[in-house]
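I opened this notebook to record what I looked up in one structure. The entries follow the order of my reading.

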Amino acid sequence: MSTPNPSLPPVPPEPADKDIARQQMWRMTRRGFVRGAVAASGGGLGWWWLQSRSTDNGIPWPLRAIHRLNERLWGGAYSQGRLAPEFPPAMAAEPKPNGVYGWPDDTDPATWTLTVSQPEAVGRVFRLAHLVGHPRVEMTTELKCIEGWSQVVTWGGVRLADFLTAQGLGQRPGGDWYPYLSLSTPDSKYYVGIDIASALHPQTLLCDRMNGEPLPGKHGAPLRLVITVKYGIKNIKWLSTIRFQDERPADYWAERGYDWYSGL
Ligand SMILES: Nc1nc2c(c(=O)[nH]1)N[C@H]1C(S)=C(S)[C@@H](COP(=O)(O)O)O[C@H]1N2
Ligand SMILES: [Mo]
């Protein structure tokens, strides 16, 4: 399981319990349903009808179908063009440390590595020092947890797009980008899948600073992803591998019933 630092108070994990996960999924799916604008057919009778449908993964199939439609509508192109709102830095505070899956014992910045791989190429190993020299970005944005809380945070780091472009990573020889990235912690206990449009978004950072200080351990030091077009679950802490691929990657919370895109 996770490896919490014993000197810190225990952090309640996201619902590992299947029932809670299912309840949350229900809530999310219902919201997706409304977004899908098919709610007009609702009312009590409509809801009864939905509840009585056969289920796919615990979700009645009509909702599942709308969920899929939402994923198609909002999953890709939508994420690239729009900037998340920025806030005055004075509003920033420490977010609730949430989720310790994949917290490694050794997070020494001097020895930390980020390995980036893609098909038909040898993986490349970077040290944090390789982030130096890329333009630094500081932004004050809202971290939104899918559990319902959010917090304005000032993040500092390097744009993932800048890093990848400068290093010549993520593109095929012809120049087009691989459609997906799989990101994980050193032990692969936490892993997320990201679509390329979201990865290249200007507010998607390889982040090493929080609220003007080095990123604290419980928040993912020495390196995490900050991705404003996604819910907190995609903002992977203790980031150590990035793999480009053609297939949609496995995703820790998607496997537990959340929307794979979890877009905002
Ligand atoms: N490696 C890892 N990254 C993770 C998690 C986790 O459990 N393990 N939890 C996620 C969730 S659900 C949220 S809301 C954010 C919370 O970030 P914070 O702990 O810095 O507030 O981290 C995300 N990144
Ligand atoms: Mo979260």
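Which side chain has an N or O atom 2.6 Å from an oxygen atom of ligand 1, and what is that residue's number? I found that this side chain belongs to His 219. The side chain of Lys 237 likewise places an N or O atom 2.6 Å from an oxygen atom of ligand 1. For Lys 96, I noted a backbone N or O atom at 2.7 Å from a ligand oxygen. The protein covers 100% of the 530 Å² of accessible area that ligand 1 has on its own (Shrake-Rupley method, 1.4 Å probe).

I recorded that this is a predicted model, in which local features need pLDDT of at least 70, side-chain atom pairs count only at pLDDT 80 or more, and totals for chains, interfaces and linings use all residues. Residues are numbered from 1 along each chain as written, chains are lettered from A and ligands numbered from 1 in written order, and side-chain values use heavy atoms, without hydrogens and water.

I then looked at the shell of ligand 1. It holds 21 residues, with Asn 98 and Arg 224 among the closest (a heavy atom within 4 Å). The shell divides into 11 nonpolar, 6 polar and 4 charged residues.

Next I turned to the strands. Strand β3 (residues 113-117) pairs with strand β4 (residues 124-127) in the antiparallel sense over 4 bridges (pairing requires at least two DSSP bridges, and a strand is a DSSP run of E with at least two residues). Thr 115 has Val 125 in β4 as its bridge partner. In this hairpin, with 6 residues between the strands, Glu 120 takes a positive phi near 55 degrees.

How values were computed: Polar contact = N/O pair within 3.5 Å; in protein donor to acceptor, adjacent residues only side chain to side chain. Nonpolar A, V, L, I, M, F, W, Y, C, P; charged D, E, K, R; others polar.
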